[in-house]
Amino acid sequence: MISLIVPFKKGIIYLNDCLESIKAQKEKDIETILILDKDSEYIDRAGLLENYSDIGLRIMDNNRTPGVAGARNTGIENAKGQWIFFLDADDYLLEDTLTILKEKAKGYDFSYSQIRHTWFMKEAFNRDQIKVASDVNPGEKVGTLNEEYTKKDVDFFRYRVKRFHSLDEISILGILIKKDVLKDFRFNENLVYFSDLEMVTRLSMNDNEADAVEALYVKRHHSDSINLPALSQIDDERKYKDRLLAYKNSLEISDGRVKEFLEKNACDYFISTYAVLFHKDKSRITDENFKSMCELVSACSKKTIKKYHFLKGKILKNAIAKNKGGVEKNIKLRMAVKKLKMMVYPKHLYRTINLYVFSKLSVKDNWVCFESFSGRQYSGQPKYIYEYLRDNYPNKYKFIWLVSDKKVKVDGRAKRVKRFGLRYFYYTSRAKYWVLNSRQPVLFKKKKGQILFETWHGTPLKKLFFDLDDVHGTNPNFKKVAYNQAKNWDYLLSDNPFSTEKLSSCFMYDKEKILELGYPANDPLYADDLKEKADIIKEKIGIPKDKKVILYAPTWRDDEFYEAGVYKYTPALDLSAMKESFGDEYVVLLRMHYWVVDKIDMTGLEDFVYNVSNYGDITDLYIVSDMCITDYSSVYFDYGNLRRPILFYMYDLEKYRDLLHGFYLDITTELPGPILRTNEELRDAIFNIEKVKEEYREDYQKFYDRFCCIDDGNAAGRICEKVFK
């Protein structure tokens, strides 16, 4: 029998996934010991025992020292199985993991699986993600990792220890261990952090291991390191002390290649992480932890120390001598040399110039920077705020548009500056105002006297940031990054009372600093000459004036991606069938989200479908269209100002709502149009669009009164008078 030991303290949303993955195991000869740590989050014990009786669930309290080490030791002492398997409560297994490990372990003391990192819950994790998930970094491509893993000369030490550079990555997880192997060993309960290292070191010294297998252990990242951090995400001074003890104890029981690795790893840590604090944050280096770290280096063999030359060698020699001044001098010299080498890359050169030159210059009170969708467009709230200031205060301000490509055209005499070029750092460092509609770059450091105005880009339907239980995006630090960015916003713009509530919640942002003044991008929708403007836009795009226009504007899918911020397009709308049905009367404007990078095959659709994904301003597309088809995008809140038909093509509704995002609204009762699940339903709705308009007339009016209640064509003026005074 296999005893699965699962320590738990916080994160019930993770625990449910973990237990479900155990329940789905093909291997049924198991017991599951759930160890509740001291002061753990409340769980429904009776409910869990009833729901998971088929996995032999036992729930007990940690009766030893609080922490993971004590909880695991409690589990070992109470385990009934011949095999032990440690599983963290925020992780999960594929259904064949235990079966493969148990079969391979016959005749051996332990067998071990591959580890894959993910930010997805179990139901959303799929085999495609395995191909791009890495043992080290999320999103990093595996390459030949699986082939390397199955080679006969790749043993436990080389694959599960040596290939990692940080103690945070050396883990006891995913290893099926014979219980007899652990009879004389326990996790060190003096360690809050890095308690795995000593146990993994002992396994590395054990030659009776099975060959590597392709079983999979899924390590799930915590996307909310602010409210629910994983142990590795906690910033704690105690980590210095625990790291030292973990190294010390492991060095004492190791020899040969294992000892060599640990010594090198310890020296690398001292040089590359600890001593760097002299350059980054000297206050964190105390006499106590400096002395302890120096003792760790001193315990390493002369053979290991001799492998380090030049500045690295000097740093280690000063550490052995406990010469704090010598370590500080040489680490700062090393950092300076490293920075000089990086200067060959323009990005680092420009940031250095900005740090030492531009950041020292005064802020210009009449300079205003604008940026729309990370520089990709001349559109949105920034465009219309800019045009209001340009037209009403032509000589008062200097306008700078930050663009990702010089092909982005800007009306008027504004200066266009390429993002992350030298002039970009100059102007963003000196301009008093920065108006943008998506989050600012992480590298931007706001100066005293600068005003950062986040206008955002729509009323949210899908849950965002801190309102999400879990993030199925491609950055496990998603929430932490957004939180730190939002702290620097002086103002956040809202289009209606609903948005004010949700934006305050999802960004953990002070509601008093939110400007509930409407969206400037919707001002043109209230112009008196919309028909004339539509004719001009049709001519610009090349649309025949006698054709009606359908705008199709879907959002992206979180689980269909190439890498962070780069998403796939999976065709769901049958455009060929639509052409056959409506080609004589309509054309379709296809507007993909700007994160979608796939090229769309337009063969045979050239005179019916117009790909306007790169068209600058979506407001123009609203004006020219007779109806809008969307899914979960916020475009329909803005389009609602026109009181034109909206159809919701939600072919993957359950998956998107229940797995990927979740909604702020009850879409079954609060949408101003029908939810359509198939291409046939969509075509029927278009054929009967007048009937649809009549059926949803009352719902549309309620929707308009709730979400379009502030927009009136004058939002830009209200905002500029408030922000720019």
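Student: Which helix does L355 lie in?

Tutor: L355 lies in helix α16, residues 346-356. Helices (H or I, at least four residues) and strands (E, at least two) are DSSP runs, numbered from the N terminus. This is a predicted model: local features need pLDDT of at least 70, side-chain atom pairs count only at pLDDT 80 or more, and totals for chains, interfaces and linings use all residues. Residues are numbered from 1 along each chain as its sequence is written, and side-chain values use heavy atoms, with hydrogens and water left out.

Student: What makes L355 partly exposed?

Tutor: Its relative accessible area is 44%. Buried means under 20%, exposed means over 50%, and partly exposed is in between (1.4 Å probe, protein chains only). The value of 44% falls in between, so L355 is partly exposed.

Student: Which residues make the nonpolar surface patch?

Tutor: L355, Y356, V357 and L361 make it, with an area of about 360 Å². Patch residues have over 30% relative accessible area and no salt bridge; nonpolar side chains (Val, Leu, Ile, Met, Phe, Trp, Tyr) are joined within 5 Å, like charges within 9 Å. A salt bridge is a side-chain nitrogen of Lys or Arg within 4 Å of a carboxyl oxygen of Asp or Glu. Areas come from the Shrake-Rupley method with a 1.4 Å probe; for residues, only the protein chains shown count as cover.

Student: How do you know that D39 is exposed or buried?

Tutor: D39 has 74% relative accessibility, above the limit for exposed, so D39 counts as exposed. D39 sits in the loop between β2 and α2 (45-51). Its phi is positive, about 60°, although D39 is not a glycine.

Student: What is the relative accessible area of F465?

Tutor: The value is 4%, below the limit for buried, so F465 is buried. F465 also has a positive phi, near 45°. F465 belongs to the loop between β14 and α19 (478-486). Most residues other than glycine have a negative phi.

Student: How do you know that β14 and β15 pair?

Tutor: Two strands pair if DSSP finds at least two bridges between them. Strands β14 (residues 451-454) and β15 (residues 491-494) have 2 bridges, so they meet the rule. They run parallel. F453 stands opposite Y491 in β15.

Student: Why is one side of β12 and of β16 left without a neighbour in the sheet?

Tutor: The open sheet has 7 strands in the order β12-β11-β10-β13-β14-β15-β16, with parallel pairing. β12 (415-418) and β16 (514-516) stand at the edges with a single partner each, so one side of each has no neighbour in the sheet. The twist averages 25° from one strand to the next.

Student: What covers the faces of β23?

Tutor: On one side are I646 and F648, on the other L647 and Y649, and all are buried. In a regular strand the side chains alternate between the two faces of the sheet. β23 pairs with β22 over 3 bridges, and with β24 over 2.

Student: Which strands does helix α27 lie across?

Tutor: Helix α27 (residues 679-687) lies across β17, β20, β22, β23 and β24, at about 175° to β23. Contact means heavy atoms within 4.5 Å. Axes are lines fitted to C-alpha atoms, for helices over the stretch in contact, and angles run from 0 to 180 degrees between N-to-C directions.

Student: What makes helix α3 mostly covered?

Tutor: In α3 (residues 68-78), 8 of its 11 residues are buried. Among them are A69, R72 and I76.
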